[in-house]
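Me: I have a structure to go through and would like to ask about it piece by piece. Please look at it with me.

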Amino acid sequence: MKKFLTLALTAVMALSLLTACGSKNDNSADTNTDGSNTETTLSGTVSTDGSTSMEKVINSLGESFMAMNKDVKFTYNPPARLRHSGR
């Protein structure tokens, strides 16, 4: 009886896993039904903080982002540098 119950539970779990993996992909949100070509524009400010070791990369990405989104201002705020007292 114990083997049958274990086998039955294993089968149910396997079937539920296969059912979840076989879900239908509905792309209705991506479909434009009225035929117009609408484009979303962004505006505002993006402000980031981060390590000084990533400053060049972050600034480069910010410049590229601003080039693609003219109404967005990007700022990078590096952390304050710690002073070493030398004691």
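Me: Is Leu61 buried or exposed?
Reply: This is a predicted model. In it, Leu61 has a relative accessible area of 57%. Exposed means over 50%, so Leu61 counts as exposed.

Me: Which helix does Leu61 lie in?
Reply: Leu61 belongs to helix α2, which covers residues 55–68.

Me: And which residues form a nonpolar patch with Leu61 on the surface?
Reply: Met54 and Val57 form the patch together with Leu61. The accessible area of these three residues together is about 280 Å².

Me: Turning to the strands, in what sense do β1 and β2 pair?
Reply: Strand β1 (residues 43–49) pairs with strand β2 (residues 71–77) in the parallel sense, over seven bridges. Between the two strands the chain passes through α2, and this β-α-β crossover is right-handed.

Me: What stands opposite Ser47?
Reply: Opposite Ser47 is Thr75, a residue of β2.

Me: What pattern does the chain follow along the sequence?
Reply: The pattern is α-β-α-β, with two helices and two strands in the chain.

Me: How many of the residues count as buried, as a percentage?
Reply: The chain has 87 residues, and 7% of them count as buried.

Me: What about the accessible surface of the chain?
Reply: The accessible surface comes to about 8,300 Å², and carbon and sulfur atoms account for 58% of it.

Me: Finally, what percentage of the contacts join residues at least 24 apart?
Reply: Taking contacts between residues at least 6 apart in sequence, 67% join residues at least 24 apart.

Note on methods. Residues numbered from 1 in each chain as written. Predicted model: local features only at pLDDT ≥ 70, side-chain atom pairs only at ≥ 80, totals over all residues. Heavy atoms only, no water. Patch = residues over 30% accessible without salt bridge, like charges linked within 9 Å, V, L, I, M, F, W, Y side chains within 5 Å. Areas by Shrake-Rupley, 256 points an atom, 1.4 Å probe, with all protein chains shown as cover. Salt bridge = Lys/Arg side-chain N within 4 Å of Asp/Glu carboxyl O. Helix = DSSP H or I, 4+ residues; strand = E, 2+ residues; numbered from the N terminus. Buried < 20%, exposed > 50% of the residue type's maximum accessible area, 1.4 Å probe, protein only. Pairing = 2+ DSSP bridges. Right-handed = clockwise from strand over helix to strand, strands pointing away. Contact = heavy atoms within 4.5 Å.
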